[in-house]
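Dear colleague,

I am passing a structure on to you, with some notes on what was found in it. Please look through it before you read on.

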Amino acid sequence: MLPQLGEVKSLDRQQLDLSNADEIRRAIRAFHPNLIVNAAAYTAVDKAESEEALARAINAAAPAAIAEEAKKIGACLVHYSTDYVFDGSKTSPYTEDDPTNPQNVYGKTKLEGEIAIQESGAPHLIFRTAWIYATEGRNFLLTILRLATQREELRIVCDQTGAPAASREIAKATIKVLSQCLMPGNGAFSLGDLSGVYHMTAAGKTTWFEFAKAILEEARTIEASTPWFAAATNNLPLIARRIIPIPASEYPTPARRPAFSVLSNERLARAFSVRLPDWHTQLHFVFTDPSFHP
Ligand SMILES: NC(=O)c1ccc[n+]([C@@H]2O[C@H](COP(=O)([O-])OP(=O)(O)OC[C@H]3O[C@@H](n4cnc5c(N)ncnc54)[C@H](OP(=O)(O)O)[C@@H]3O)[C@@H](O)[C@H]2O)c1
């Protein structure tokens, strides 16, 4: 979607290794962009517990280097962060002003990245998002569909609450924000005094258990030959008959996860009049709207 806003140069891992800060600096100096969008991160939440140095290089040192270079050339930086900067002890939606207290290495290193960007003085938008899924890649939606072809019974965590978002809705919201910051004529972006952290998640809330149930309900309505769905299920029928709610304590993982990570999106709505649909509507779009598939 970014090409809607101007010429885009995108770099994959082979072209730019984010664990190498010198490479980052060289690339930014060579391209001299008006806007830098960093959606890359070390996202293996459990593996990060044993790969802290690499997670820190990609989630903290890389955004720090990007922000420093952005500041030097007057570029705006868009960066994505996470609900895992919070400890999950609240019972009402977290605002951007709530104290952070990450419970795992991934959350800690992502928070370090946020702080480095804020301290750099570069114009920036840090979008904290959560529970993202899509019809490609590795994510909860695709895992549930695959497991539903393999097992009659699924056991899914029911005591973690959040708001699942389709990656396409995050992209659409980002474009809506950025199109308001694009200066007419010269392709540059201006944030004025709007630099800062914004929560950008689906409206509403649910649990992994309820989300899994909703996925399988939607799955019963879709044509099995729909390309993304056929790939997700490997053309096999869904055999899951029962979804059993279990506490997170029955599904131990190396990294602790917050029990409650619903974020308030009010700051984003106030500043940019952008609101994402609620999580259930987004899921329905994914199963029914062909524009959701690459
Ligand atoms: N997924 C979620 O539920 C979630 C929740 C909250 C926040 N976020 C944030 O949203 C953003 C996007 O997350 P995502 O789930 O879309 O991530 P993802 O699917 O894991 O993609 C991460 C990307 O980063 C790239 N990358 C990793 N290490 C790299 C390196 N050393 N050099 C260059 N590229 C590297 C990966 O490249 P390869 O494809 O080559 O591995 C991949 O394209 C991240 O900032 C994440 O922290 C995600």
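The notes below take up the sheet and then the ligand.

This is a predicted model, in which local features need pLDDT of at least 70 and side-chain atom pairs count only at pLDDT 80 or more, while totals for chains, interfaces and linings use all residues. Residues are numbered from 1 along each chain as its sequence is written, and side-chain values use heavy atoms, with hydrogens and water left out.

An open sheet of 4 strands runs in the order β1-β2-β3-β8 with parallel pairing; strands (E, at least two residues) and helices (H or I, at least four) are DSSP runs numbered from the N terminus, and two strands pair if DSSP finds at least two bridges between them. The edge strands, each pairing on one side only, are β1 (35-38) and β8 (196-199). From one strand to the next, the twist averages 20°, where axes are lines fitted to C-alpha atoms, for helices over the stretch in contact, and angles run from 0 to 180 degrees between N-to-C directions. Between β1 and β2 (residues 76-82) there are 4 bridges, and I36 stands opposite L77 in β2. Helix α3 (residues 105-120) packs on the sheet, where it touches β2, β3 (124-129) and β8, contact meaning heavy atoms within 4.5 Å; the direction of α3 makes about 155° with that of β2.

As for the ligand, 19 residues surround it, the closest being R13, T43, Y106, K110 and I132; a residue counts here if one of its heavy atoms lies within 4 Å. An oxygen atom of the ligand is 2.8 Å from an N or O atom in the side chain of R13, and a nitrogen atom of the ligand is 3.0 Å from one in the side chain of D17. In the shell around the ligand, β2 gives the most, with 3 residues.

With best regards

Definitions and conventions:
Polar contact = N/O pair within 3.5 Å; in protein donor to acceptor, adjacent residues only side chain to side chain.
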